[in-house]
Amino acid sequence: MSRALRLLAAALAVAAAPAARAGSLSQQDLAAFFPPPLLVGERDGQLPAWPIFRKSGPPAFTTDLVGYAFESIDLAPVPGFSGTPLDLLVAIDANGSFVDVRVLSQHEPVFVGGVGEEPLRRFVAQYRGLSLRQSVKIRTSVGGQGAAASGSSAVYLDGVAKATASLKIVNQSVLAAALKVARAKLGFAAGRDPDLVAQVRADLLEPRDWAGLVDAGLLRAFTLRNRDVERSFAGSEVAGGDAEARARPDAPFLEVWAGLASVPTLGRNLLDDRGWQTLGARTWKGDQVLLLAWRGRWAIWDDDAVRGSVPDRLTLTQGGLSIELRDLDLDSALRPIGQPRLDGWRAFRVIAQSGLDPGAPFDLAVRVTRTRGVVYPERIGRDFPLTVKVPDGYLVPAADDQKGWASIWRARAGDVVVLCVALAALAVLLARRAPAVAHLRWLGRFRPAFLLFTLAFVGFHAQGQLSIVNVVALAQSAVAGRSWAFFLYDPMSTVLWVFTLGTLLVWGRGTFCGWLCPFGALQELAGRAARVLRLRPVRVPERLDRVLKRAKLLALALILGAALGSPAAGDRALELEPFKTAITLGFDRPWPHVAWAAGLVVLGVFVEKAFCRYLCPLGAFLSLAGRVRRFDWIPRRAECGAPCQLCASRCVYQAIGREGRVDYDECFQCMDCVAVHRADTLCPPLVLLRRGRARAAAEAGRAASPAGGR
Amino acid sequence: MRRRVFLSGAVVAALAAAAGRSWPRPGRGRGAAVDAAPLPDGRSLVRGAGVAFGTTVSIAAVDGDPPGAAAAVHEALAAVLRVDALMTVYRPESEVGRLNADGVLPHPDPHLVRVLEFGLALAEASGGAFDPTVQPLWALHAACARAGRLPASAEVARARALVGWRDLEVGPRRIALRRRGMAITLNGVAQGYATDLAVAALRARGIRDLLVDAGEHGADGARQPGAPWTVGLQHPRDPRALLGAVVLDGRALAVSGDYAAPFSADLRHHHLFDPRTGASPPDLSTVAVAAPTGLLADGLTKPVMILPPARALALLDRYPGAGALLFDKSARLVAARGLTLLPAAPGGATPS
């Protein structure tokens, strides 16, 4: 393996490292935490959780299941601020109450230096005795929300000054891990595998206005009347405390519309571009975003509430289990799509690890509070339930998880067949050096035609633009030992990656970069079109070209580094790739993105494939990975380089050196030099040879003719 | 489905129960790998536990070599968990789950073939009072119980039409259900079979005094010289009381009761029902069956519960070494054949 490949492997391993960690305790280690009369049972291999029993005897024996112990990192590896997930030992009893939470390992900067680990240990000790059915929140400001906690299903943990962000990660890890175990082991949610929840169909986007969203069931509307609220407070000290309600009992108190904005048909139609992009940047695969809009005499989101916090007036449960909501802090506007006048709206994130199943109904509770007294007001609250369900058409159902990708392949069988036929044809033509790819006359027609196919079919129609994002995701799954099955949900990318990896062995990066990359095709076609206008690409000075070609390795390193750092940084770094703007979204994005992508296409007119050669992180990855290439397949002659410089000067990618050597890392397999090599009207050694033969034949003819008369 | 089990010499260590939900603080340093308690005769009692078949599986082994016994207990538990993973209807990826989903299972696990062949033989012998293809009826009852109602007769008729062991084809190369919508369940025999495998695993490691509780019980030897393994039978109407106790004489013991998974509050409808009619037996509340293997004991509890007592005893007589105790709805012993009911041990506190 070459040095470059080793470097690449190391870089990917580093990028994927956070996901690779796994729990470390053995049954024996756990026995130290749970000494007799407790007994640590056998793990069943379905879920990394240990049953804990209480035994008695001898002489009489009983063995009773009291709960489960597990490491949070095995179930919900939520990355901390150091990039490494925390590991907490969590024990819950058979009713879903916390028995104990302990810190096993943590790298949070605030608890490593500064205040030390003791405050974290004190923090996690507060979980003891709390129930998973409660909504566990962190008190952020001392004394601030104490009153709100009374009579609420929410419980508050005391925070640690300056460490709130890290504690939120701790809370998320504890709750998400415990929920998984509760769902799988304690009979909640009928013992379903928490990984087997329905998926939102990312590929389905229908243009719909507000009424259309309500009709489709994507937005659920609810109305609370004054009368309903008043009735719920009846009998309490604050009954009848609302003059407005007494005056107009049938008037609406609060109207609410709720739905999942992570469903593209809802989110994309309702949010403006910036909001939709922020939503994408702040969520991970499997996260859901709940959007609520309201008008009336009560606000679901209090203007005084801390942005990004857990809402006070809203709780989410599914199957009786509480699931954490967190404000997404979307700072943008709703598109005007015919909605009624609204008093406010807010989007909340539900992380994937919490196991919310969008395919099953989930229950929201809006909390309305009234206060009594003036000096130390007592708050009395009532919850009003709303049920939301995403219509099945917008989901990939969960029960068919195994069949899920198969049905996607069936649905796209046509596209897959077209692509496979095209790839097979391309491979055969390239392998046999058929005239279409090796005779200049035919090459000049076939290549633009194929590139048009790549751009229109692979790119725009079938959405098969490969991206560095795939590489990072696959590497992370591989290192973490997770299945690559998620990739199968995208048949185009799967086929293209398999083909591309295969061709790396034979021809190097050129087959993908030169023939199958839709953005590459777009640049090349733009260049060809510009030539009609007599615009010609320039040659970059040789030394500058060499330096710039290395720059794309930096881009690759930058993206891997950013992905390792934080999701937001990773998302920003990925915008270096114009593929999403140009191919996936067809330039339908805010102007800075469009300017970047269009600018690169224009640049490509003057510097042939400037992006591919100098900036593309995927190109950098493929050129490194392309070192596995087994053949130097571009034919060369002794004369190449010395004295002949024809191919070197014809190569628009400047991938043939003066000495005649082909730099396969930078070759786009345009086949120009291959065609020249066999053209005896162009390739100088051949031309010379032909002329020499002609001369020799002529001489031979002359010499032979006097003696040849019969 | 938890059955209350109680071993003789019964004084429950009340302190553990009194400790309630609070768990002791973890100690520092490494705990012993082996959960072993020394016995007066110089040997040790080694215990292990796991969760399978929706219940607690526990194993006790008495041996002079605690680490060796711990390894044996570990292997025995692993065998039980493997049977659960293979035969549970609750996991779609188990072989039974796949058979039920696809109607056919190529290259089945030999353990599954053995259990199903036994199931078919017992179905034949009991005239269909035991039927491994009862799953559609069971699923209907369970769904209705969750919804808080009893199934309508039309629903029962539809589900019953999908039950029929003669349409189950079992062979070493493939298992198939001949009609669409049919499904099997081994919930009635898998625990007994798992008990057999666990006992075999312990014996293979040289353990001579052992007790396996995988829902059904298997035992060998004695708890200590002169003190045989004894199992208490839970009173069907009072989970804190016992009907009496049964000595495990090397045979396996299986117990079925109307209280374990009731479909109606008056216990007239429950998980033990006649596969041919869908109705639960009107007269019996509990049966205990002892047999040379756990598989046979577990399998026999269903027809013995469902058939009229005279026919149940006739069925038992066809199997050498099988015995049973039958209790009616008011918990009176109405028949005993080849198995003796002992009075409950004095100081009969029940396990909590």
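## Salt bridges

A salt bridge is counted here when a side-chain nitrogen of Lys or Arg lies within 4 Å of a carboxyl oxygen of Asp or Glu. This is a predicted model, in which local features need pLDDT of at least 70 and side-chain atom pairs count only at pLDDT 80 or more, while totals for chains, interfaces and linings use all residues. Residues are numbered from 1 along each chain as its sequence is written, chains are lettered from A and ligands numbered from 1 in the order in which they are written, and side-chain values use heavy atoms, with hydrogens and water left out.

Side chains of opposite charge can pair when their charged atoms come close. Over all chains, a search of the whole structure finds 50 salt bridges. In one of them the side chains of A:Glu608 and A:Arg531 meet, with 3.5 Å from N to O. This pair links distant parts of the chain, 77 residues apart, since A:Glu608 is in the loop between H24 and helix H25 (610–614) of chain A and A:Arg531 is in helix H20 (residues 518–532) of chain A; helices are DSSP runs of H or I with at least four residues, numbered from the N terminus. Relative accessible area (1.4 Å probe, protein chains only) sorts residues into buried, under 20%, exposed, over 50%, and partly exposed in between. A:Glu608 is therefore buried, at 5%, whereas A:Arg531 is partly exposed, at 30%.

## Charged pairs in chain B

In chain B, the closest N and O atoms of the salt bridge between B:Glu169 and B:Arg178 are 3.7 Å apart. B:Glu169 has a relative accessible area of 25% and so is partly exposed, and B:Arg178, at 48%, also counts as partly exposed. Both belong to a network of salt bridges that links B:Asp167, B:Glu169, B:Arg174, B:Arg178 and B:Arg179.

A further salt bridge joins B:Asp274 to B:Arg276, with the closest N and O atoms 2.9 Å apart. Here B:Asp274 is buried, because its relative accessible area is 10%, while B:Arg276 is partly exposed at 36%.

## Nonpolar cores

In soluble globular proteins, nonpolar side chains tend to be buried together. A nonpolar core is taken as a set of buried Ala, Val, Leu, Ile, Met, Phe, Trp, Tyr and Cys residues joined through side-chain atoms within 4.5 Å. The largest one holds 104 residues, of which A:Phe70, A:Phe98 and A:Leu292 touch the most other members. Helix H7 (residues 164–185) of chain A supplies the largest share of this core, 11 residues. Apart from it lies another core, of 77 residues, including B:Leu77, B:Val113, B:Leu313 and B:Leu315.

Contact means heavy atoms within 4.5 Å. Setting aside neighbours within four places in sequence, the residues in contact with A:Phe70 include A:Pro48, A:Leu75, A:Ile92, A:Ala177 and A:Val181.

## A buried aspartate

B:Asp298 is part of helix H8 (residues 294–306) of chain B, and with a relative accessibility of 1% this residue counts as buried. Beyond residues up to four places away in sequence, B:Asp298 touches B:Gly188, B:Val189, B:Ala190, B:Gln191, B:Gly192, B:Glu216 and B:Ala254. A polar atom of the B:Asp298 side chain lies 2.9 Å from the backbone nitrogen of B:Gly192. The C-alpha atoms of B:Asp298 and B:Ala288, 10 residues apart along the chain, are separated by 9.2 Å.

Notes
Helices (H or I, at least four residues) and strands (E, at least two) are DSSP runs, numbered from the N terminus. A polar contact is a pair of N or O atoms within 3.5 Å; within protein, one must be able to donate a hydrogen and the other to accept it, and residues adjacent in sequence count only if both atoms are side-chain atoms.
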